[in-house]
Amino acid sequence: MSELKPRWDIFCTVVDNYGDIGVTWRLARQLVAEHALPVRLWVDDLRAFERICPEIDINVAQQFQQGVEVRHWPSEWLHTEAADVVIAAFACQLPSDYMDAMAEREKPPLWMNLDYLSAEDWVIGCHGLPSVKYKTVQKFFFFPGFQPGTGGLLRERGLLERRRQFQLDAQAQRTFLQGLGIDRAEGAQLISLFAYENAGLASWLDVLAADSQPTHLLVPEGRVLGDVAQWLDVETLSVGAIHVRHSLTVQVLPFVRQDQYDHLLWCCDFNAVRGEDSFVRAQWAGRPMLWHIYQQDEDIHLDKLDAFLALYTKGLSPAAAEAMNGLWRAWSAGQPIGEHWLASRKHWPELQGNAEKWCLEQGLQADLAAALVQFYLNWI
Ligand code: TRH
């Protein structure tokens with residue numbers, strides 16, 4: 001790697017689940033693959049990392065994965081030279097020794113906080129603003145987002161073309177699904193379900209089971225499985241389990257590597273996703289979707305949900321927009337969604353068209369990795 005290339009350090013603390021590592025791992029890979037930058041990714045929880053990237057060796061302090069130098073962020077920090085660009089993901093607190101190392105540099109690094117994704121308007125005004133200062137080192141806010149004036153979304157080069165080709169290739173999809181042990185029944189709609197615990201799930205499964213059209217529901221192992229098991233009236237559900245209730249086939253999938261998960265989303269007619277990273281990836285799939293937003297104190301997540309819905313449903317007819325709003329709000333509130341699902345089904349072609357249109361519109365924005373690199377270039 002050329003000495004002239006700025007070195008990047010990305011810091012990730014895994015708060016819970018997989019979104020923190022999911023976002024930073026994608027970003028680190030993209031900076032290496034598309035911008036040929038030397039990147040170190042500091043992660044405090046390699047076990048969470050291993051779930052989305054099984055090659056991770058959880059026992060080593062330093063390893064290279066797909067060109068990224070992965071460092072275990074130790075509880076006892078060892079003195080390390082600071083990089084030229086430092087990203088604290090999701091406001092994580094950097095080791096104090098590292099902060100001193102930043103300040104000791106002749107030219108202080110560009111220090112950024114990569115924030116959580118939100119569609120709220122205030123994000124545009126705050127993106128790129130200076131935040132706190134540590135000695136000589138200024139921190140900046142970097143906000144991902146959906147609108148011009150934000151940092152955009154993570155999107156690898158050629159992603160939408162690859163997705164489109166894959167969706168046009170029925171054999172490639174069959175082979176991929178078979179690799180996961182999925183044999184899609186003739187005429188069945190394929191739905192993926194990645195969600196937190198949700199009391200509203202039973203009402204949806206009731207409606208799917210009673211539907212005249214068959215549904216094949218794919219559930220990666222995780223937090224929602226308890227609700228699925230309860231509805232099926234089985235004690236436990238493990239990977240590979242398949243249960244049929246009238247028109248509904250439920251299949252439990254293993255948690256797959258991140259790239260495979262993307263392909264799974266591309267195969268499905270409808271994707272229920274959650275958090276932040278799977279939410280974005282479902283948008284790139286260009287198919288109708290349902291978002292289980294991550295709950296925050298004082299229900300501030302509801303403002304985020306409404307802000308996104310306002311943008312996403314903008315081009316829909318009032319009836320289709322109402323159906324979508326109803327479905328998404330009820331789902332994130334853990335309320336029954338059966339009736340909302342049926343209402344949404346009445347507008348299916350319109351919702352499909354909107355999903356693709358939204359994806360293409362978002363694809364016109366600069367992607368988040370390119371925007372970060374540009375921010376750095378403007379800063380120097
Ligand atoms: O796991 P999440 O709920 O993550 C987060 C965290 O809770 C985080 O603290 C919070 O800040 C954030 O949500 C809003 O959902 P998310 O963001 O979708 O991350 C899941 C990651 O797991 C994503 O990168 C996709 C990946 N994944 C796989 O790689 N394989 C799989 O089989 C599945 C289901 C997901």
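Q: What stands opposite Leu218 in E12?
A: Gln251 does. Strands here are DSSP runs labelled E, of at least two residues, and helices are DSSP runs labelled H or I, of at least four residues, both numbered from the N terminus.

Q: How many bridges join E10 to E12, and which way do they run?
A: Six bridges join E10 (residues 215–220) to E12 (residues 248–253), and these strands run parallel. Two strands pair if DSSP finds at least two bridges between them.

Q: Before I go on, what kind of model is this, and what was counted?
A: It is a predicted model, in which local features need pLDDT of at least 70 and side-chain atom pairs count only at pLDDT 80 or more, while totals for chains, interfaces and linings use all residues. Residues are numbered from 1 along each chain as its sequence is written, and side-chain values use heavy atoms, with hydrogens and water left out.

Q: OK. What is the strand order of the six-strand sheet?
A: The order is E11-E12-E10-E9-E13-E14, in an open sheet with mixed pairing. E11 (242–245) and E14 (289–292) are the edge strands, each pairing on one side only. From one strand to the next, the twist averages 15°.

Q: Which strands does H9 touch there?
A: H9 packs on the sheet and touches E9 (189–193), E10, E12 and E13 (270–274). Its direction makes about 140° with that of E13. Angles run from 0 to 180 degrees between N-to-C directions, with axes as lines fitted to C-alpha atoms, for helices over the stretch in contact. Contact means heavy atoms within 4.5 Å.

Q: And where does H10 lie?
A: H10 lies across E13 and E14, and runs at about 160° to E13.

Q: Is E13 buried or exposed?
A: Five of the five residues of E13 are buried, so E13 is largely enclosed by the rest of the structure. Buried means under 20% relative accessible area, exposed over 50%, and partly exposed in between, with a 1.4 Å probe and protein chains only.

Q: Which way do the residues of E13 point?
A: Phe270, Ala272 and Arg274 point one way, and Asn271 and Val273 the other way. All are buried, Arg274 included.

Q: Which residues meet?
A: From H9, Gln258, Tyr261, Asp262, Leu265 and Trp266 meet Asp277, Ser278, Arg281, Ala282 and Ala285 in H10.

Q: Switching to the other sheet. What is its order?
A: Eight strands form an open sheet in the order E3-E4-E2-E1-E5-E6-E8-E7, with mixed pairing. E3 (62–65) and E7 stand at the edges with a single partner strand each, so one side of each is left without a neighbour in the sheet. The twist averages 25° from one strand to the next.

Q: What packs on it?
A: H3 (residues 96–104) does, touching E1 (8–12), E5 (85–89), E6, E7 and E8. The direction of H3 makes about 95° with that of E7. Its buried residues are Tyr98, Met99, Ala101, Met102 and Ala103.

Q: How is E7 joined to E8?
A: By three bridges, and E7 and E8 run antiparallel. Pro130 has Phe140 in E8 as its bridge partner. The hairpin of E7 and E8 has two residues between the strands, and Lys135 takes a positive phi near 50° in it.

Q: What about Ser131, where is its place?
A: Ser131 is in E7 (residues 130–134). At 25% relative accessibility, Ser131 counts as partly exposed. Leaving aside neighbours within four places in sequence, Ser131 is in contact with Gln138, Lys139, Phe140 and Phe141.
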